[in-house]
Amino acid sequence: MKLAVIGGDGIGPEVVAEGLRVLRAVHDKVETTEYDLGARRWRETGETLPDSVLDELRGHDAILLGAVGDPGVPSGVLERGLLLRLRFELDHHVNLRPVKLYPGVTSPLAGDPTIDMVVVREGTEGPYAGAGGVLRKGTPQEIATEESINTRFGVERVVRDAFRRAQRRPRHKLTLVHKNNVLTKAGDLWSRTVTEVAAEFPEISVDYQHADAASMFFITDPGRFDVVVTDNLFGDIITDIGAAVTGGIGLAASGNLDPSGAHPSMFEPVHGSAPDIAGKGVADPTATVASVAMLLDHLGLATESARVEKAVADSLAARAAAPAHRTSTREVGEDLASRAAAG
Ligand SMILES: NC(=O)C1=CN([C@@H]2O[C@H](COP(=O)(O)OP(=O)(O)OC[C@H]3O[C@@H](n4cnc5c(N)ncnc54)[C@H](O)[C@@H]3O)[C@@H](O)[C@H]2O)C=CC1
Ligand SMILES: CC(C)CC(=O)C(=O)O
Ligand SMILES: [Mg+2]
């Protein structure tokens with residue numbers, strides 16, 4: 001496997017090191033190329049993602065990313081110039097985010113909720129597309145617009161992908177999350193597309209939630225969701241809520257997929273660079289390791305993926321049984337690697 005590795009900023013390199021430790025524990029043919037991208041490179045060279053690096057990345061089977069973003073770099077420089085550029089250039093239109101409460105993991109929610117859904121977030125359009133502008137900057141009359149781009153092509157392909165995922169899951173349910181009561185133009189496109197594609201999947205039950213109510217139900221009644229399909233911004237927000245109710249952001253995995261295989265897909269934890277805990281060796285690498293399981297599955301290495309997934313589940317159960325025992329990033333990574341190696 002030819003794997004490109006972008007540690008990035010803050011806790012990114014710390015959690016990626018553990019992700020690689022676990023990957024190597026289950027697969028001995030990993031050829032990695034590390035790319036020094038992020039805040040340090042930007043400060044020293046002004047570069048975020050040079051075209052030459054992008055071209056090299058295209059030659060890999062997959063990318064493992066930590067996180068980008070640094071308090072000393074203007075907001076957006078790395079998030080847009082590096083992270084979103086990667087997602088857009090490599091056509092990562094399916095941003096897949098499982099939201100699953102593992103056995104033993106304590107949810108802040110009352111009772112003993114069953115939470116097992118997958119959010120299919122559109123990854124290349126919406127308000128993140130970069131359209132818009134600023135007029136009369138710095139004046140009291142300043143106007144800033146951030147336009148949401150939604151194409152029939154872009155919406156349809158992610159909606160169809162979500163239906164296919166719903167078809168493979170036992171509950172056969174799909175929920176569109178949007179805000180079509182006020183975002184009537186984009187919302188109508190999403191709603192119509194879901195209705196039309198649904199005709200190809202008669203066995204899937206389809207419903208709809210506005211994004212505000214969906215945020216509430218993620219907390220009050222998450223069991224109602226199975227596959228959720230939504231746009232780039234709503235998907236970003238609701239998956240942090242999903243992480244919070246399933247044990248925390250340190251456990252939430254994601255894949256930025258180009259399901260066509262034309263470009264390498266990229267796997268990363270849902271969380272960011274967490275500058276508040278960077279360098280302390282306390283970041284939970286589990287989200288990155290669970291993202292490695294997704295990476296293996298995406299590359300057709302189902303057995304290896306299942307071993308990593310099982311290591312995550314077993315490690316979480318063991319940690320739940322000893323809640324007072326605090327562990328470092330490295331200790332968690334070593335534990336996960338030894339469990340995964342044991343199979
Ligand atoms: N995919 C990416 O590269 C992302 C980058 N960012 C960037 O990251 C920087 C920080 O963003 P925030 O809004 O603070 O979000 P964040 O996800 O980095 O951190 C939010 C909170 O969660 C905690 N946290 C995050 N990951 C953790 C882990 N693995 N273990 C334990 N605790 C963890 C942090 O310590 C912090 O208190 C910003 O520059 C932001 O733009 C944010 C989200 C995603
Ligand atoms: C910087 C953002 C675009 C990344 C993010 O928050 C996410 O993808 O969850
Ligand atoms: Mg986010």
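Two exercises with worked solutions follow, on a predicted model.

Residues are numbered from 1 along each chain as its sequence is written, and chains are lettered from A and ligands numbered from 1 in the order in which they are written. Local features need pLDDT of at least 70, side-chain atom pairs count only at pLDDT 80 or more, and totals for chains, interfaces and linings use all residues.

**Exercise 1.** Determine why strand β8 is largely enclosed, and which strands pair with β8.

*Solution.*
1. Of the 6 residues of β8 (residues 173-178), 5 are buried, so the strand is largely enclosed by the rest of the structure. A residue is buried if 20 or more other C-beta atoms, placed from the backbone, lie within 10 Å of its own. Strands (E, at least two residues) and helices (H or I, at least four) are DSSP runs numbered from the N terminus.
2. Pairing requires at least two DSSP bridges between two strands. β8 pairs with β9 (residues 205-210) in the parallel sense over 6 bridges; there, Thr175 stands opposite Asp207.
3. With β10 (residues 227-230), β8 pairs in the parallel sense over 4 bridges, and Val227 is the bridge partner of Leu174.

**Exercise 2.** State the domain bounds and describe the contact between domain 1 and domain 2.

*Solution.*
1. The domain assignment, automatic or from a database, gives domain 1 (1-93 + 258-343) and domain 2 (107-246).
2. Their C-alpha centres lie 24 Å apart.
3. The contact (C-beta atoms, placed from the backbone, within 7 Å) takes 9 residues from domain 1 and 12 residues from domain 2.

Note on methods:
A residue is buried if 20 or more other C-beta atoms lie within 10 Å of its own, exposed if 12 or fewer, and partly exposed in between; C-beta atoms are placed from the backbone. Two residues are in contact if their C-beta atoms, placed from the backbone, lie within 7 Å.
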